[in-house]
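This report covers a sheet, a helix and some aromatic rings. Please look at the sequence and the structure first.

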Amino acid sequence: MSHNKSDIEKRVAELRATLDNYNYQYYVLDNPTVPDAEYDRLLRELQQLESEHPELVSADSPTQRVGGEHSKKFGDIRHELPMLSINNAMSTEEVVDFDRRLKKTLNIESVEYVCEPKFDGLAISLLYISGKLVRAATRGDGYTGENILHNAREVSDIPKTLQGTPFEPNIDLFIAETYSNTVPHKIEVRGEVYMKKSVFENLNKKLVNKGEKLLANPRNAAAGSLRLLDSKKAKQRKLSFFAYSIGYVSDEFELPQTQFKRLKFVEKLGFPVCDKVKVVSNVSACIKYYEEMLIERESLDYEIDGIVYKVNDIALQDKAGYVSKAPKWAIAHKLPPQEESTKLLSIDFQVGRTGALTPVARLEPVSVGGVTVSNATLHNMDEIARLDARIGDTVIIRRAGDVIPQVVSVILEKRPPDAEEILTPTNCPVCDSPVERTKGEAVIRCTGGLVCSAQRNESIKHFASRKAMDIDGLGDKLVEIFAEKGMVKTISDLYRLKAADIAALERMGEKSAENLINALEHSKNTTLPKFLYSLGIREVGEVTAKNIAHHFLTLDAIINASQEELESVPDVGPIVAHHIRAFFDNDENIEQINELKQLGVNWPDIEQTSDDELPLKGKTYVITGTLDGISRTEAKSKLEALGAKVSGSVSSKTTALIAGASAGSKLKKAQELGVEVLDQSFLDSL
């Protein structure tokens, strides 16, 4: 289909206006409204049109600029040397084509590259004079950035003073590799400020608990943190930094002549450099590195959105030169996006084991990170209100690894006139019972209890799980089949199942049925803590169930305990005590417990133990590594039975670390803190 000149000019103007708006949102407001993938598509379209119609190219086009306008609130900083951007390659073919053009330009047969992860954070410049940090600036438009020194000082990875002896002006020209302990009089180091995934997740959890708006992604969180007016708040964000290049260096100093050696030099100065950086011999090795990092991407504790390939030889970099806003000797090979935009078609509410209703967005299918996504979580009604999400909206979906995709924002300018408001349900979508919302909670819950099939099925799955009654072979799918066919309506019905009825089910046979019946029979012999946990009382996890059982010793004592008596148990507060009391005040629940006991579910008595008989009381242990012949759960139970507390992390209060084979970071931390390290023989001696 052909287009006339006026249509093309109109489309170019539209693209420039849209991209300028997106740049403003990204660089100035730190609040991008579209995913990077959408921005890249529009930029590619504009580049293509300008390539086909060079007479339409103008100096103010987004294709000709490095970045965008920056915020003015902290003042401007003029870069010593421009902070250029890097052109993108969206496919392997484009990388190969880049390599072909480069070899032709350099008139050589092969190019050695440095492969570096492309961090998804905020590029900054750090200037040091006589080894002291004196200036920090964002990239901005590539020539002028924003002064962020007050917040850069709060990033723990950024050295305030460089390691080495500052250069004295009376020394003649010297070479970095010879004078490795000398710091240039003036040097500008460039890199990326980012927020670790783990820090980002913890920050969002805190925001949810406070009922505040969630941060969209780690990049936004990092950029926003650097622009906070209060540097103390910026410090609390726990930002990180990777150095990746040197900008300006004073004339007396001669830098190493390869990209990789320059990174090593920067590392000697005290900057963190990513340990994934690698030198490769040709473009084929670049592609292999890309494929390896694509797999490893999810295990990294920082976001990357591509791989940067740079010519390693600095002389060849200089020979290749620059074009427009980018060097000819480097290219960024983009990874599949983890954010995409799509349409919100409808909302369903799923009912969990505790009756919690979770809104699930049904989406127009879209590929995110190489996986087709058609559903995403919206957490709760408060989050829907914060997002101002409506049916029919165009929304941004984020997916990282195995994490459930989530809706992170709404593109309000794309909202259709007939977008529908999402209303809080008044009744359960499964059993039609009224829903309620406890004061102080964001979650709404079905009041149907055991009459709600959704809760019933989830309760049965929990009852059968490994840490509860441990009914081997009774998976989620089989529970759903039993419920669908009316074979199991309550947890006690599990013990009424007949082998012949199970064998008659599709994909089941006599042997499978017999194995399940044997597993059910075996599960009847349990412990009071496991049985209490298996009942699925809200807020009662394994540790709480164990504490309650060992405090009251018998189930009857627990059932008859008052709210005040329950609160006297360690780790049991008013809310948990209320949930326990409410559970046992329900006649249907007591009826179920009695039926289970009549069907043979039993446990041995818990003997009263005095403090004198608990030799490890008051001591705290951490278990790490692989143990021989005993699981960590069994080892934990063994220690707790002797009065010890078992923690998941090492601290100065840890009595000792019990280290099995292949112990990792916990062992290192214990050694750093001077915590005693024991081997498995300690457990065997107990």
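Is Phe98 buried or exposed? Phe98 is buried, with a relative accessible area of 5%; buried means under 20% relative accessible area, exposed over 50%, and partly exposed in between (1.4 Å probe, protein chains only).

## Basis

This is a predicted model, in which local features need pLDDT of at least 70 and side-chain atom pairs count only at pLDDT 80 or more, while totals for chains, interfaces and linings use all residues. Residues are numbered from 1 along each chain as its sequence is written, and side-chain values use heavy atoms, leaving out hydrogens and water.

## Sheet

Five strands form an open sheet with mixed pairing, in the order β2-β17-β14-β3-β13. Strands (E, at least two residues) and helices (H or I, at least four) are DSSP runs, numbered from the N terminus, and two strands pair if DSSP finds at least two bridges between them. At the edges, β2 (88–89) and β13 (278–280) each pair on one side only.

β2 pairs with β17 (residues 330–334) in the parallel sense over two bridges. Asn88 has Ala332 in β17 as its bridge partner.

## Aromatic rings

The count comes to 15 aromatic pairs. Rings of Phe, Tyr and Trp (its six-membered ring) pair if their centres lie within 6.5 Å; planes under 30 degrees apart count as stacked, over 60 as edge-to-face and the rest as tilted. Phe98 and Tyr113 form a tilted pair, 6.4 Å centre to centre with 40° between the planes. This pair links helix α3 (residues 92–106), which holds Phe98, to strand β3, which holds Tyr113, 15 residues apart. Tyr113 is buried, at 1% relative accessible area.
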